[in-house]
Amino acid sequence: MMNGVVRDEGVIQNRECESGLDPTEVDEEGRPKRTGTVWTVTARIVTVVVGFGVLSLPWGMAELGWVAGVATLLLFAIITFYTSSLLAECYKSPLTAKRNYTYMLAVKTTLGGKMYMVCGLVQYAIMIGSIIGFTLTASISMEAIQKSNCYHKSGNNASSCTHFSHKPYMIGMGILEILLSQIPKIDHVWWLSMLATLTSFGYSFMGIGLALATIILGHGKRTSVTGIEVGRPPGITPAQKIWKMFRALGNVSLAYSYSLVLIEIQDTMKSSETEIKEMKRANMAGVLITTALYLSCACFGYAAFGNNAPGNMLTGFGFYEPFWLIDLANIFIVLHLLGAYQVLAQPIFSVVESHARRRWPESKFVTEEYPVVVGIGINNGNGNSMMSINLLRLSWRSMFVGFVTLVAMAFPYFNELLGLLGAISYWPLTVYFPVKMYIAQNKITPTTTTSCSIRWFGLQILNFVCLLVALASLCGSLQGFAQALRII
């Protein structure tokens with residue numbers, strides 16, 4: 001799951017180099033020189049990929065089984081690497097050699113304004129959906145900390161520990177995010193992004209370590225080649241088995257949904273004649289590392305929990321001890337999601353506020369900043385307060401956070417939400433747009449040479465198959481929501 005910083009102005013605009021920079025510090029297009037290498041780009045890819053989607057992988061393995069589960073992870077890894085390589089080719093325009101600094105700019109340059117608008121709608125839908133998921137997951141982890149301490153004091157079978165609710169924590173999360181949302185720009189939350197990165201790796205490795213310790217101690221549960229078996233405990237029907245397998249596909253696809261920021265990451269690569277080849281090498285290394293992490297989490301988690309694997313390996317209480325380590329892992333989840341929330345929300349805030357400033361430039365409600373004293377002696381060096389309140393920012397951002405919190409409280413279903421996010425994000429952003437841009441840039445048609453025809457049909461088949469998988473996981477997630485809400 002995408003976990004990195006998204007560019008300001010809604011990931012649509014890219015900041016141009018300011019005039020007056022030393023000529024030795026700018027590239028041929030007048031922008032600050034890029035200094036990234038294969039290794040730094042690989043590190044950024046891994047950082048972006050690792051997210052809260054990793055926590056559901058043992059559940060996905062339980063639904064799919066050893067054969068289909070491992071095969072699905074490997075297949076998504078191969079597809080992601082291939083389409084990421086196609087996307088790397090779209091970084092530069094083949095006619096002008098001009099760089100596309102963002103995913104959205106690449107779509108606009110290659111496919112035109114209509115596809116640019118479609119891509120933007122998909123992007124913002126995914127960002128808002130992910131923010132809802134962050135609110136839900138963080139509150140579940142807060143509840144898990146309370147339950148963990150209760151089980152430690154009262155025993156693993158204490159019925160008094162099963163009646164807690166995560167909804168009060170959702171409200172608390174919303175209040176905290178309203179405060180954090182008053183930070184004016186994404187540049188000011190770099191420390192939240194760094195915190196999110198460190199804590200995401202922390203809880204991922206804690207989960208793997210706890211699962212591995214469970215296996216070594218001989219406490220692993222029963223598994224099977226095909227996963228949860230029809231008619232056997234916990235007892236599901238053939239139809240339920242199929243629906244859950246579809247949801248598991250969505251969960252896995254979400255874990256690999258990070259293409260939206262790949263061009264931004266590529267834009268950090270040092271300029272050279274081989275930079276596209278180096279980006280492909282970085283893509284391969286990043287996908288290999290993350291796939292190894294995902295396989296470890298999924299396989300060790302499934303071997304530890306068996307066919308009763310919880311939807312979230314750190315909050316479903318497959319582990320009870322050491323309680324302090326489980327508490328620490330869940331604290332890391334909360335800290336990660338607090339930061340990730342702002343990383344995705346700030347570009348949305350920026351788009352609305354930038355439009356409002358252009359539309360009503362004379363409005364004090366939109367443009368006026370009101371200084372607020374936040375502490376004795378805290379200023380920016382000119383005697384001015386470092387904290388200011390803007391009425392538009394205060395009202396609009398508070399309403400957005402309140403809306404997200406209400407939606408999260410209305411649909412508190414972790415795996416169904418992850419499957420839905422995977423369904424709507426993986427195919428369009430990881431497969432459809434990269435394939436369409438690659439075909440358009442290279443003028444691949446079914447009526448030219450034999451090799452071009454084969455390549456065109458192959459790309460269309462890949463696109464169609466991934467669309468079918470997305471539709472299947474979408475249907476599975478919607479069925480899960482309907483069943484949870486007792487509609488069907």
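The protein chain averages a pLDDT of 82, and 86% of the residues score at least 70; pLDDT is the predictor's confidence in each residue, from 0 to 100. Over residues 4–20 the pLDDT is below 50, yet this stretch has 51 contacts in the model beyond near neighbours in sequence, a contact being heavy atoms within 4.5 Å. Residues 376–381 also have pLDDT below 50, with 6 contacts beyond near neighbours in sequence.

This is a predicted model, where local features need pLDDT of at least 70 and side-chain atom pairs count only at pLDDT 80 or more, while totals for chains, interfaces and linings use all residues. Residues are numbered from 1 along each chain as its sequence is written, and side-chain values use heavy atoms, with hydrogens and water left out.

Now the elements. Helices (H or I, at least four residues) and strands (E, at least two) are DSSP runs, numbered from the N terminus. Mean pLDDT is highest in helix α2, residues 57–89, at 93, and lowest in strand β2, residues 387–389, at 77.

Next, helix α4, residues 113–154. Glycine 155 follows α4 and has a positive phi, near 105 degrees.

Lysine 443 lies in the loop between α13 (414–442) and α14. Its phi is also positive, near 50 degrees, in a residue other than glycine. Lysine 443 counts as exposed because its relative accessible area is 60%; buried means under 20%, exposed over 50%, partly exposed in between, using a 1.4 Å probe and protein chains only.
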